[in-house]
Amino acid sequence: MTYKLKIVNGFRVVFLFTAYTLIILFSIIASLKLDIITLKLIIIFGTILIFGLFFYYLCVGEMIVVTDNNNLTLKWIKKPLFDYRKLTSIPINGIRTIVIDQDQIIRKIYFQSEKIRLNTWKPDSIFKDDVKEFLKYLHSIEKENENIRIIDSWDEWFEKGYLKIALWINSSIIILGTMLIAYAWIFIEFKPMHLFYLIFLIPQLLIYQMTIKAKMRKQTGCNSCSNSSEV
């Protein structure tokens, strides 16, 4: 079987999305000085289109994954610009861990002492590919091979010892951010950014908080169960 996947460089997306937003805002501000409406629209939509396409090709690539009975062979169709990662053929019996988030985004494949970062699109995104079918394939080989396990990024962080640090940072941001917003409201004045923090950022941070705590309880419980079984 052959699967065509779109691969995203997540770090670049975070950085360039901010840059893209600032560039669009700058083009809007610059166009306000013009009197001709048509020229304003050309500048704004031209900026959105040109930089949007450039950033897309900078962040997104395409690969094919060819599967047979023993191997996964990964080949670039189109690399993201300035991406020098080399792909390889992975022996299926050498795969140890597959990291999949929300049962939709394939993050990494660990095999033997190496790993390959994928970071695919969600199956329901507007950019269609074969990630949904490839997910089914990965679940099938997990069932057929006892040495393969599928986890998510929270599990991976727990195993590396990062989850407690993430919980501490998240808690600190919630507490300090809320204190600063309360102080600003009382002693300075209300600003739209305060509303943004309360409506969007705090709920997301609270969701992360609950997710991290639930994952830590689950992992601690699993470790306790395994220790009991060993005794």
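Predicted model: local features only at pLDDT ≥ 70, side-chain atom pairs only at ≥ 80, totals over all residues.
Biologist: How many helices and strands does the chain have, and what makes a stretch a helix or a strand?

Modeller: The chain has six helices and eight strands. Along the sequence the pattern reads β-α-α-β-β-β-β-β-β-α-β-α-α-α.

Biologist: Why is Asn119 called buried?

Modeller: Buried means under 20% relative accessible area, exposed means over 50%, and partly exposed is in between (1.4 Å probe, protein chains only). Asn119 has 16% relative accessibility, so Asn119 counts as buried. Asn119 sits in the loop between strand 7 (114-117) and helix 3 (131-144). Of the chain's 231 residues, 35% count as buried.

Biologist: Which residues does Asn119 contact, leaving aside neighbours within four places in sequence?

Modeller: Contact means heavy atoms within 4.5 Å. On that basis Asn119 touches Lys6, Ile7, Val8, Asn9, Gly10, Ile105, Ile106 and Arg107.

Biologist: What makes strand 1 (2-8) an edge strand?

Modeller: Two strands pair if DSSP finds at least two bridges between them. Four strands form an open sheet in the order 1-2-3-4, with antiparallel pairing. Strand 1 (2-8) and strand 4 (89-91) each pair on one side only, and these are the edge strands.

Biologist: How do you know that strand 2 and strand 3 pair?

Modeller: The definition asks for at least two bridges, and strand 2 (residues 60-67) and strand 3 (residues 71-78) have six, in the antiparallel sense. Val66 stands opposite Thr73 of strand 3. Helix 2 (residues 37-59) lies across strand 1, strand 2 and strand 3, at about 35° to strand 2. Such angles run from 0 to 180 degrees between N-to-C directions, with axes fitted as lines to C-alpha atoms, for helices over the stretch in contact.

Biologist: Why is the pair Lys4 and Glu62 called a salt bridge?

Modeller: A salt bridge is a side-chain nitrogen of Lys or Arg within 4 Å of a carboxyl oxygen of Asp or Glu. For Lys4 and Glu62 the closest N and O atoms are 3.7 Å apart, and the pair forms a salt bridge. Lys4 lies in strand 1 and Glu62 in strand 2, so the pair ties together parts that are 58 residues apart in sequence. Lys4 is partly exposed at 40%, whereas Glu62 is buried at 13%.

Biologist: What about Arg107 and Asp101?

Modeller: The closest N and O atoms of Arg107 and Asp101 are 2.8 Å apart, and this too is a salt bridge. Arg107, at 25% relative accessibility, counts as partly exposed. Asp101 is buried, with a relative accessible area of 10%.

Biologist: Are Glu156 and Lys108, which meet in a salt bridge, buried or exposed?

Modeller: Glu156 has 4% relative accessibility and counts as buried, and Lys108 is buried at 13%. Their salt bridge spans 3.0 Å, N to O.

Key:
Residues numbered from 1 in each chain as written. Heavy atoms only, no water. Helix = DSSP H or I, 4+ residues; strand = E, 2+ residues; numbered from the N terminus.
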